[in-house]
Amino acid sequence: MKKSYQIFTWKKAPFLRLLVPLIIGIVLQFYAGMKIEIIIYTSGIASVFFFAFSFLPESLRFRFRMIQGIIITIFLISCGSLLSWQKDVRNHTGWYGKYSDSANFIIATIKEPPVEKAKSFKAIALAESIINKGKQRIVSGDFLIYFSKDSASKDLKYGDQIILHKPLVDIKNSGNPGAFDYVQYAAFHQLFQQVYLRNNEWKLLKETNKKLVPGIIFSTRQNTVGIIEKFLGKNRESGIAKAILIGYKIDLDKDLVQAYSNAGVIHLIAISGLHMGIIYGVLLWIFSTLPWVKKSKPAKLVLIIGCLWIFALLTGASPSVLRAAVMFSFILAGKAFDKNSSVYNSLAASAFLLLCFNPFILFEVGFQLSYLAVFGIVIAQKNISNWIYFKNKWLQRSWQIAAVSLSAQLFTFPLCFYYFHQLPLLFVLSNMIAIPLATLALWGCLLLIFVSPVSIVAVYVGKIIYGIIWLLNHAVLLFDAIPFSLWDGVSISLSETILLYLCVSSFLYALMRKNRMAFKMAFSVLLIFTISKTIHSFQCYSQKKMIVYNIPNHKAIEFIDRNRFHFIGDSAVLTDSSLKNFNIKPAHISLQIGKNILPQDSLYSNRNFHQFGNLKLLFIDTAITYTGSRKVKLDYVVISKNPKLKIASLVENFDVKKLIFDYSNPSWKVDQWKKECEELHLQFHSVSEQGAFVVNL
């Protein structure tokens, strides 16, 4: 019975059998980087074998059907690799990176409205052509531009064309331990180079390159932002309203965003499947009550899917909302055309289509969490809901909502540990309060857009929305303030994440099917996971190192011994939550460092001189005068804060293995010191260019 059920489920979801090898091919190409010749040969050979297999007698084809399945699987893996190779712009003959150098002029188009940062405007630009010695070559490919803040860059908009004469540089990681891999993230979005432009390094051209659909989307998005700000003001409630409605995150308060994350409701301010689910639920209710629609399933299907896609376009057509629209469209269509349609097949089909369009979407956190959450709800929600039954109708509905949240969290918590290093422990309660309020806010914002031409009505609607979001924010802050509501500081590797998923899947299967082997499998995997974590903890407890962090315009150095640390540098790095959370906290989580301060006897310090174990260092952040009679041997000299210093005079008094220039020094001064070091044949490390400097003792 169990076996027949499993076969039935597998046969009812054929796209699952297509999706798995496609994903394997995408992952294989990303990590192995196979040459196009190998991919084509493999797919060609698989096609020939499959074609030849079809000429065999039916009895032999049935007998060796497994071989046929293997051939199809190899072909699909090759297709996944081919899609990844083709999507990678670096493999295209016209990619700008193959022709750009310091002598070139680049003509580029601004692909999206620039985003204002603290000291610059950030934009994605599309390289159109390169001019070298009077000859123009048509190219393609996106790159990042950071414009210095001035009157010219402030007026830049979507579709503007500029010409620049400055070499592009590769996007680099900070190199800080445990830091976000920005190079990989940018590569998934086909961004590999960047440039910082001052006012005199670029010019705006008269020509523009606007496309109709993106232009409409950006214009609609900007008008929506304007309407919300007009009737809600410019405050954190307005920022949440813009995030809930169109995923506009520029004006979000950073501390409030952290509170949403800690409370387990961060998905509310990232347009996703939840928002589509809310819209779908209300649309289903509306069209099920209208007499001229409820009796016609095709009409209901067309209207619901049409409204979902209109919402997706009106809210800015972000990748996450488009992904959710595709997912719901497949699920709705599957149920409409086949009552027994498998939701697994619909989900797999939507994922298959999205991956064929953009294979790199597989590596986006939103894609992974969305599909895992929906799969979790489909697989486990009914079983979890059956654990408890309440006679009271409202209690039973509340428990069913909680079961949805639990089943989604069951399939996403390993990824939360891997990517975010934390797990909200009160997510069930916080979601039960926050989701209804966010639903009211979402529909209120949609109503505000429609009634905005009538200012008298819109003003009162805006006040109601403000009150709802104010209540939502304070509920989130309340959950965030509850002690022990957050399991924080968890660090697991990719292999440990996979082990967790194997463990969860085995336990769930064992509970649902009463399978003893699955229980044994779950405990075995859990044992392997525990051993892996124990080994990692032992390695961290044995560690002793010095880190010169890569933090722009700041001095930040740490000495680490086991789980204890001592910090030397700018106090802002520890007091500014954004600097600390982005640079120091990931390192502490990765290295399992607690709040323990390094004892004084572990680090000897005498003004600028420090000794940590056998490591001898000199920190220079001001002009120094050495009056000693003989050279002092040092392992490293760390130079910060742009001191008046000549490298030649430094080496006359100190015998140094390596000089380290941290990111608090200006780039022009570092370039000057580097030239001096090269002339004197001295080793050096520039943190701003080479990343954080880490010494293991």
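This report describes the confidence, nonpolar cores, helix packing and selected residues of one predicted protein model.

**Basis and confidence**

Residues are numbered from 1 along each chain as its sequence is written, and side-chain values use heavy atoms, with hydrogens and water left out. Because the model is predicted, local features need pLDDT of at least 70 and side-chain atom pairs count only at pLDDT 80 or more, while totals for chains, interfaces and linings use all residues.

The mean pLDDT (the predictor's confidence in each residue, from 0 to 100) is 86 for the protein, and 95% of its residues reach 70 or more. Helices (H or I, at least four residues) and strands (E, at least two) are DSSP runs, numbered from the N terminus. The pLDDT is below 50 over residues 1-8, a stretch that has four contacts in the model beyond near neighbours in sequence; contact means heavy atoms within 4.5 Å. Where pLDDT is low, the predicted coordinates should not be read in detail.

**Nonpolar cores**

A nonpolar core is a set of buried Ala, Val, Leu, Ile, Met, Phe, Trp, Tyr and Cys residues joined through side-chain atoms within 4.5 Å. Buried means under 20% relative accessible area, exposed over 50%, and partly exposed in between (1.4 Å probe, protein chains only). The largest nonpolar core holds 54 residues, of which Met-276 and Leu-472 touch the most other members. Two or more residues of this core come from each of helices H8 (212-232), H9 (236-246), H10 (254-263), H11 (273-289), H13 (297-314), H14 (319-337), H18 (427-451) and H19 (455-481). H18 gives the largest share, nine residues.

Beyond its neighbours within four places in sequence, Met-276 is in contact with Leu-308, Phe-311, Ala-312, Val-321, Ala-324, Ala-325 and Phe-328. Another core lies apart from the largest one and has 24 residues, including Ala-123, Ala-125, Ile-145 and Phe-147.

Two packed helices are described by the angle between their axes and the distance between the axes. Axes are lines fitted to C-alpha atoms, for helices over the stretch in contact, and angles run from 0 to 180 degrees between N-to-C directions. Residues are classed as nonpolar (Ala, Val, Leu, Ile, Met, Phe, Trp, Tyr, Cys and Pro), charged (Asp, Glu, Lys and Arg) or polar (the others, Gly among them).

| H8 and H19 | about 85 degrees | 8 Å | seven nonpolar, two polar, one charged |

On the H8 side, their contact involves Lys-230, Phe-231 and Leu-232, which meet Ser-455, Ala-458, Val-459, Gly-462, Ile-465, Tyr-466 and Ile-469 of H19.

**Selected residues**

Ser-506 belongs to helix H20 (residues 494-513) and counts as buried at 10% relative accessibility. Leaving aside neighbours within four places in sequence, Ser-506 is in contact with Ala-518, Met-521 and Ala-522. Phe-519 is placed in helix H21 (residues 516-541) and is partly exposed, with a relative accessible area of 30%. With the same exclusion of neighbours within four places, Phe-519 is in contact with Phe-507, Ala-510 and Leu-511.

Lys-382, in helix H16 (residues 365-385), is exposed at 60% relative accessible area. Its C-alpha atom is 9.0 Å from that of Ser-407, 25 residues away along the chain.

The loop between strand S19 (632-639) and helix H24 (647-653) contains Lys-641, and Asn-642 is found in that loop as well. Phi is near 65 degrees in Lys-641, a positive value in a residue other than glycine, and near 55 degrees, also positive, in Asn-642. Lys-641 is partly exposed at 35% relative accessibility, and Asn-642 is partly exposed at 30%.
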